[in-house]
Amino acid sequence: MEPGGAGPLPGNNKARGGAAPPAKGRDLGRPPRKDSEGYSESPDLEFEYADTDKWAAELSAPCRLVEVFLCALPAELYSYTEGPEFLLNRKCFEEDFRIHMRDKKWTELDRNQHRTHAMRLLDGLEVTAREKRLRVARAILYVAQGTFGECGSEAEVQAWMRYNIFLLLEVGTFNALVELLNMEIDNSAACSSAVRKPAISLADSTDLRVLLNIMYLIVETVRQEAEGDKPEWKSMRQTFRAELGAPLYNNEPFSVMLFGMVTKFCSGHAPHFPMKKVLLLLWKTVLCTLGGFEELQSMKAEKRELLGLPPLPEDSIKVIRNMRAASPPASASDLIEQQQKRGRREHKALIKQDNLDAFNERDPYKADDSREEEEENDDDNSLEGETFPLERDEVMPPPTQHPPSDRITCPKGLPWAPKVREKDIEMFLESSRSKFIGYTLGSDTNTVVGLPRPIHESIRTLKLHKYTSIAEVQVHMEDEFLRSPLSGIALLKILLAAAPTSKAKTDSINILADVLPEEMPTTVLQSMKLGVDVNRHKEIIAKAISAVLLLLLKHFKLNHIYQFEYMAQHLVFANCIPLILKFFNQNIMSYITAKNSISVLDYPYCVVHELPELTAESLEAGDNNQFCWRNLFSCINLLRILNKLTKWKHSRTMMLVVFKSAPILKRALKVKQAMMQLYVLKLLKVQTKYLGRQWRKSNMKTMSAIYQKVRHRLNDDWAYGNDLDARPWDFQAEECALRASIERFNSRRYDRAHSNPDFLPVDNCLQSVLGQRVDLPEDFQVNYDLWLEREVFSRPISWEELLQ
């Protein structure tokens, strides 16, 4: 029987035999080609940036392959160590189900019977015995996992998951789980026991993991729309999103409860919290309540229209999708081969005319002489002479093929329309007036009396490309402000522990509590499997944290610029900039192509198919994917965060220079993916004016790539370092002025009626504090003498030290 309202089930995939299809767009048996100069031509990574990854199943059909996209699989939610718990969940469900339904199956019941049994399970969560409550929770988790024991394919499991989860949401399961989660968070006995334990394992977080698994499945499934959704499901989705973002749970949104778990974990008071699951649930909650990148783009367009601003010049995501990545640096063997060929090649003084005609296909900056290699060498010794060659067909390469709906028409030339700020026009006019008429008019951008005709034309050109951002408008007029809570910057602490370059001795917190088994592995195969699981665990944590931080920054900036600046300054003061650079200070290609996954152990494959025997060779081989989606997603998110923190902030740009980020970022250009390269080149562009003429001269290929791919500001002198912003004045004054503006904003917005104690002024006067009247409870007054004896008279006080 098909689940009611879920639409027709996709075809059975047993014919596939469990074999994973080869990676899309990749010929595994073909070595990378080399161009005429010996450079490796690796294919572009077929990566589509989105809010989350997609799950595609290629199903066999007569004469064709049908590609079906379902909701994102929750495979990353479970660690491989949790594998045996799938059968335990099934056992808990079937034992209870047989008592009430005899020999029937869940898939054979009608909707009323499904609802009745779901209500019965929900009542079981209210029992006081912890073991019984855990068994009921496991049974509910099995229902949310799609009752896989009665399904014959992964697609069937997915369909039943969706039907069952909307059923659980309808009967009020999520609210009951929130109450249980709150009770587990406040369980002081479990926290104190975990703090005293020398080693924490998977068993210490069993109750929390089961609850978080169900809640994640509900949030992620309900969040995503599907064609087969019934009208009542769409209504339930809207209601659920509203409730999830409303202060219904302890008078605060659900996301604040999860942020509280992060803070409690990082403070060391609850080391048993399964942090990977908490972060994944937090990420999906933010996506569900605030919206993802597409919703952000539409909200940004609506807000610009509301403020009377012109529409956006282009959709940046669509422009990036039409860009091709530049060629990565050549390997050492390629460079040696190239030098040998050049030694035998005669020097050609003239360039053929057809080379000059095909400007959009060949690099005009590339000279065919021996100085090329000298110009490519970076001054930083850590680069070890690596180069960044741009091939002749990379100046304006043909766009990557995409579906017709995603294609946009771009004229030949640079991919971005130039932008000019109001401040840029003011600076240009101020400089021109000082030069030609000897005085300035402040912020007046209309008066051009006394200026030469060419200056008039320049001003018209600048104003033609003027772009006013929402942030600039908000700085001048602070609209109605919705208060959004924000946790401390504890997320960075977890990200540091999850960074691949972190050593065990420097980890201040243990993020592996929900992946380590009770008994450590005793064989080589078990150790290899656990090693893959631990690395995968860290990658998923980095992915969730980077997505949460980026979403919060983007939503805060859209809501109000000072809300964004408040969070951004906290991130900067918490050393977010050097942390991200530390993350990239590794072999980034190895991280992007890491194979820390065992596909046969991923859910729901592991519960539908008969598992093959694992060997050390199969674990080392990994999967056939060209790259790891989550790792590339994390890298792009971290680069976007770094761009947001440093944009138009000269003091923070100087931090990039001080921490020697240029060679680190140049190594990241080896990843042949257009979006990642774009954000790397943006970070290099803002530094060029501070890196000196010799660096620019030695890295002309990188400068050329910046010119080709990054948006231009018409009067931005980034390539020469001659503008006023490049002068080394007091950069701390910028941060102090920004902080003062943020504090003024907070003081105006947060009054005492619903004030945050962090924003209230502190009374440091001793007499004033002691003179305040404090109403003491009645029981304290009755036991006042006992309190004096215990807390004052019986405690030795060194008055001399106190007075000093």
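**Cavities and a buried helix**

Mentor: Helix α3 gives the largest share of the lining of the largest cavity, namely 4 residues. This is a predicted model, in which local features need pLDDT of at least 70 and side-chain atom pairs pLDDT 80 or more, while totals for chains, interfaces and linings use all residues. Residues are numbered from 1 along each chain as its sequence is written, and side-chain values use heavy atoms, without hydrogens or water.

Trainee: How many cavities of 30 Å³ or more are there, and which residues line the largest cavity?

Mentor: Rolling a probe the size of a water molecule over the atoms shows where empty space is left. Here there are 4 cavities of 30 Å³ or more, a cavity being a set of points on a 1 Å grid where a 1.4 Å probe fits but cannot get out, with lining residues having an atom within 4 Å of a point. The largest cavity is lined by L125, R130, R133, L134, A137, L180, E184, D207 and L211, and the elements giving two or more of these residues are α3 (130–144), α5 (173–185) and α7 (206–223).

Trainee: Which elements each supply at least two residues of the lining of the second largest cavity?

Mentor: They are α1 (85–101), α3 and α7, with α1 providing the largest share, 3 residues. Among the lining residues are Y78, E82, R138 and N213.

Trainee: How many residues of helix α28 are buried?

Mentor: In helix α28 (residues 661–668), 8 of the 8 residues are buried (under 20% relative accessible area, 1.4 Å probe), so α28 is largely enclosed by the rest of the structure. The buried residues include K666 and R667, as well as I664 and L665.

How values were computed: Buried < 20%, exposed > 50% of the residue type's maximum accessible area, 1.4 Å probe, protein only. 1 Å grid on protein atoms, 1.4 Å probe; cavity = no way out; pocket = protein on both sides within 12 Å on 5 of 7 lines; lining within 4 Å. Points joined across faces, edges and corners; volume = space filled by probe spheres on them.
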